[in-house]
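Please look at the sequence and the 3D structure below, and then read on for a report on two of its sites.

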Amino acid sequence: MSAYGSFPGARPRRLRTTPAVRRMVAETRLHPADLILPAFVREGVSEPVPISAMPGVVQHTRDTLRKAAVEARAAGVAGIMLFGVPEDSKKDALGTAGTDPDGILQVAIRDVRSEVGDDLVIMSDLCLDEYTDHGHCGVLDADGRVDNDATLERYAEMAQVQADAGVHMVGPSGMMDGQVGVIRDALDTIGKEDVSILAYTAKYSSAFYGPFREAVGSSLTGDRKTYQQDSANVRESLRELALDLDEGADIVMVKPAGPYLDVLAKIAESVSVPVAAYQISGEYSMVEAAAEKGWVDREKAILETLTGIKRAGADMILTYWATEVAHRL
Ligand code: PBG
């Protein structure tokens, strides 16, 4: 007995006494194979172009992209998600460069596939915003609204050219209704039953995409609120989930990750397909900026964000830190 009352019968601190015991009882472990590296490749440049809003991330040349893929594979990273950045002169209202077999993304898919083969899962962003002169994820109707069904036809064609270029997994990120089903049909029609679909199931309209706009040289003015989800909603994500599964999604994803861990947890507890989370550009840049000012410990903060995302239920995480973290693990 202490002078002030009884001793506690339970002492959870016992299992926190040394690094070794803490490691033994850790409930969540990050592994390089949990990580997927998003990467940008820019057409027509001979040197990588730094992205000022994402310190440490660049728009790759075709050549440095190959090297980044090799480095990611060597570090044990599971996959690479490719984003194409076309020359400005190639952007148009329909996003034609996105379906050109010689468009930058298709060229990059072929480059990376020839470099790493099947050792790294090669994934591609399937969306029009990188290729449209208005910057929206779809084509517009006569009144300037994003036309869902006309966009689906463009996505079907994109899926086919990306598959022909050798992608293993497409990532439709435009949040059009019916996109997963249309893409599945388009792939199956050309005999690409083995190309899988990573569905952006719960993709929220987010301020944290800010740095990405620079990363892909986006022309967007305005927002994407008529197709991306409202951050106030979670039930709506379960509806999107049911639709994506019904349409044939192989993996479902929540994006952004950090501000939506509750959504991630809900989805993870209710599905039997793998669940991914995308730690997006703004989540990356916030930590980098605070670390640069000396306000947080960069390495610890990075691991803490990724552990939180995994703890919430992600089987895999897209993160711009993938290669660095894989090396450190
Ligand atoms: C759409 C797309 C976006 C991101 C991935 N795919 C931008 C958007 O929806 O506005 C954002 C990724 C990031 O911010 O890291 N093609």
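The UniProt annotation "active site", taken from an unreviewed entry, covers Lys203 and Lys255; positions from that record are given in the numbering used here, with feature names shortened, and annotations may be inferred rather than shown by experiment. The two span 53 residues in sequence, yet no two of their C-alpha atoms are more than 4.9 Å apart, so they gather at one spot. This is a predicted model, in which local features need pLDDT of at least 70 and side-chain atom pairs count only at pLDDT 80 or more, while totals for chains, interfaces and linings use all residues. Residues are numbered from 1 along each chain as its sequence is written.

Lys203 lies in strand S7, residues 196-203, and Lys255 in strand S8, residues 251-255, where strands are DSSP runs (E, at least two residues) numbered from the N terminus. The table gives their C-beta neighbours; a residue is buried if 20 or more other C-beta atoms, placed from the backbone, lie within 10 Å of its own, exposed if 12 or fewer, and partly exposed in between.

| Residue | C-beta neighbours inside 10 Å | Class |
|---|---|---|
| Lys203 | 26 neighbours | buried |
| Lys255 | 25 neighbours | buried |

Leaving aside neighbours within four places in sequence, Lys203 is in contact (C-beta atoms, placed from the backbone, within 7 Å) with Ser173, Met175, Gln228, Gln229 and Lys255, whereas Lys255 is in contact with Tyr200, Lys203, Tyr278 and Ile280.

Turning to the ligand, the residues around it (C-beta atom, placed from the backbone, within 6 Å) include Ser173, Tyr209, Arg224 and Ile280.

Key. Helix = DSSP H or I, 4+ residues; strand = E, 2+ residues; numbered from the N terminus. Contact = placed C-beta atoms within 7 Å.
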